[in-house]
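Open the model in your viewer and keep the sequence panel beside it. The stops below say what to select next and what is there.

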Amino acid sequence: MLRSLVLYTALALGANAAAAADLEALKQGDMRKLVVYEAPLDLPDVPFLDAGGAEQRLSDHKGKVLLVNFWAVWCAPCRAEMPSLDRLQAEMGGEDFEVIAIATGRNPPPKVARFLEEVGVTNLPLYTDAQQKLARTMGIAGLPVSVLIDREGREAARLIGEAAWDAPEAKAVIEALLAE
């Protein structure tokens, strides 16, 4: 039994290191800013809200690769980045992958809806984290921040700042996570 546990742990660590190495090799363009974890991090099970005020949790999406983006209506880089997130969701979103853009902090839903309309976002649902409980628990200090979550519901990588998420290099990173 102990031998099996040791073998399983060694294989898992090796697989995590190999997966991290695969993502590291894909760091080009805006993805050069991507911080890839050798061992994915467990996520807190902290709720955020959908447009109707119902609680959502990242764990509700376990089994999918997620790109969780924390943003705010007052954030200029967020305004620039949001259309690329919308295009990425339109192109790759589905059963295996989803973009979850969460307006964090004081972003009243009507202002969030107006912001999304102004920048032409039509494929991303409205999510908020008004009290910043999820953002704080995940250590989000500035905006925008994008977190890549693997199928097991663990944080695999993080990018601080704006990125072109519909660019080929970003899609390659997501496809690598989908292939795991």
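Begin by selecting Gly94, which sits in the loop between helix H2 (76–92) and strand E5 (97–104). The model is predicted. Gly94 is partly exposed, with a relative accessible area of 34%. Leaving aside residues up to four places away in sequence, Gly94 touches Lys64 and Gln89. Show the C-alpha atoms of Gly94 and Lys64: they are 8.9 Å apart in space, while 30 residues separate them in sequence.

Next, select H2, residues 76–92. Look along the helix to Met82, where H2 bends by about 30°. A proline, Pro83, follows within four residues.

Now colour the buried residues of H2: Cys78, Glu81, Met82, Pro83, Ser84, Leu85, Asp86, Leu88, Gln89 and Met92.

In H5 the buried residues are Ala170, Lys171, Val173, Ile174, Ala176 and Leu177.

Move on to strand E7, residues 145–149. Here 5 of the 5 residues are buried, so E7 is largely enclosed by the rest of the structure.

Stop at Ser146. Is Ser146 buried or exposed? At 1% relative accessibility, it counts as buried, the cut-off being under 20%. The side chain of Ser146 makes a polar contact with the side chain of Asn69, at 2.8 Å. Asn69 also stands opposite Ser146 in the strand pairing. Beyond residues up to four places away in sequence, Ser146 touches Leu67, Val68, Asn69, Glu81, Ala157, Arg158, Leu159 and Trp165.

Now show the strands beside E7. E4 and E7 run antiparallel and are joined by 5 bridges. E7 and strand E8 (residues 154–160) also run antiparallel, with 5 bridges; Ile149 has Glu155 as its bridge partner in E8. E7 and E8 form a hairpin with 4 residues between them. Select Gly153 in the turn: its phi is positive, about 80°.

Zoom out to the open sheet of 8 strands, in the order E1-E8-E7-E4-E5-E6-E2-E3, with mixed pairing. Strand E1 (34–42) and strand E3 (55–56) stand at the edges, each with a single partner strand, so one side of each has no neighbour in the sheet. E1 joins E8 through 5 bridges, running antiparallel, and Leu34 has Leu159 as its bridge partner in E8.

Finish by colouring the chain by pLDDT. The mean for the protein chain is 89, and 88% of its residues reach 70 or more. Over residues 1–18 the pLDDT is below 50, and this stretch has 5 contacts in the model beyond near neighbours in sequence. Where pLDDT is low, the predicted coordinates should not be read in detail.

Technical notes:
Residues numbered from 1 in each chain as written. Heavy atoms only, no water. Helix = DSSP H or I, 4+ residues; strand = E, 2+ residues; numbered from the N terminus. Buried < 20%, exposed > 50% of the residue type's maximum accessible area, 1.4 Å probe, protein only. Polar contact = N/O pair within 3.5 Å; in protein donor to acceptor, adjacent residues only side chain to side chain. Contact = heavy atoms within 4.5 Å. Bend = angle between axes of the 7 residues up to and from the residue. Pairing = 2+ DSSP bridges. pLDDT = per-residue confidence, 0-100.
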